[in-house]
Amino acid sequence: MSRNKKALPMRGIRTPRFFIWFRGFWQGKVLHTGGLCPETNEIASGYVTGQIKRFRNACVTRREKAEEKLNKAWGNADELLVDYAAVTAAIAEAEKEQNAHSESNAQVRSKEKAAKRRASFEEKRQAILKSLATIANDIRAEYDSAYDQMEATSELLASVLACYGHGLLMKPVYSNNLPAITYEDCAKQIIVNHEDTWNAIGSILKGVKG
């Protein structure tokens with residue numbers, strides 16, 4: 001398992017390996033309720049199916065936890081994006097007025113006021129950018145945490161199934177004999193469910209850095 005990555009809560013994932021191996025032996029050589037699928041060349045049994053289902057359920061639970069934690073952050077981001085568009089438009093308008101040709105004293109004073117408004121709007125813009133960067137970091141950190149936990153659990157589960165398969169078949173089990181243990185799609189939903197907002201944040205922050 002990857003170092004410093006905490007696995008998700010999942011029944012049977014930390015059962016002593018001897019008992020897992022013995023379960024495989026019992027189901028494969030005594031009860032004959034499992035074996036190697038001739039079509040896929042993967043180990044197959046009710047236990048394997050159940051463990052894969054438990055893993056997926058654990059990933060969904062972790063994703064839902066992340067979504068709940070980030071719900072306020074996404075809402076704040078949407079509000080900030082609206083504010084950013086409004087402030088950017090106000091800055092452009094003030095800049096246009098500031099750069100306009102002036103002849104009278106009234107026009108000069110108007111340009112001075114426009115310059116002050118532009119400076120004020122620029123301060124607001126910088127504050128919004130700072131808040132968006134903080135939210136982006138929070139979202140990325142929670143996504144990475146969820147992804148790492150799912151990855152760590154998938155590695156543990158692969159080890160469990162390899163041990164089980166050894167008892168089931170009474171011979172070494174290789175990676176191509178294990179069923180697919182997928183989690184990437186579940187983790188990506190944390191971002192994909194708010195893809196427009198995430199892309200807008202990224203585009204704005206990238207433009208500022210550029």
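Reader: Which residues of the largest nonpolar core touch the most other members?

Author: This is a predicted model, and its largest nonpolar core has 51 residues. Those touching the most other members are Ile43, Leu132, Met150, Leu157 and Leu161.

Reader: And which element gives the most to this core?

Author: Helix 2 (46-98), helix 3, helix 4 and helix 5 are the elements that give two or more residues to the core. The one giving the most, with 17 residues, is helix 3.

Reader: Is Thr197 buried or exposed?

Author: Look for Thr197 in helix 5 (residues 195-209). Buried means under 20% relative accessible area. Thr197 has 11%, so it counts as buried.

Reader: Which side chain makes a polar contact with Thr197?

Author: Not counting residues up to four places away in sequence, Thr197 touches Trp74, Ala77, Asp78 and Leu81. A polar contact of 2.6 Å joins its side chain to that of Asp78.

Reader: Why does Thr182 count as partly exposed?

Author: Thr182 sits in the loop between helix 3 (105-169) and helix 4 (184-192). Partly exposed covers the range between under 20% (buried) and over 50% (exposed). Thr182 falls in that range because its relative accessibility is 39%.

How values were computed. Residues are numbered from 1 along each chain as its sequence is written. This is a predicted model: local features need pLDDT of at least 70, side-chain atom pairs count only at pLDDT 80 or more; totals for chains, interfaces and linings use all residues. Side-chain values use heavy atoms; hydrogens and water are left out. Helices (H or I, at least four residues) and strands (E, at least two) are DSSP runs, numbered from the N terminus. Buried means under 20% relative accessible area, exposed over 50%, partly exposed in between (1.4 Å probe, protein chains only). A polar contact is a pair of N or O atoms within 3.5 Å; within protein, one must be able to donate a hydrogen and the other to accept it, and residues adjacent in sequence count only if both atoms are side-chain atoms. Contact means heavy atoms within 4.5 Å. A nonpolar core is a set of buried Ala, Val, Leu, Ile, Met, Phe, Trp, Tyr and Cys residues joined through side-chain atoms within 4.5 Å.
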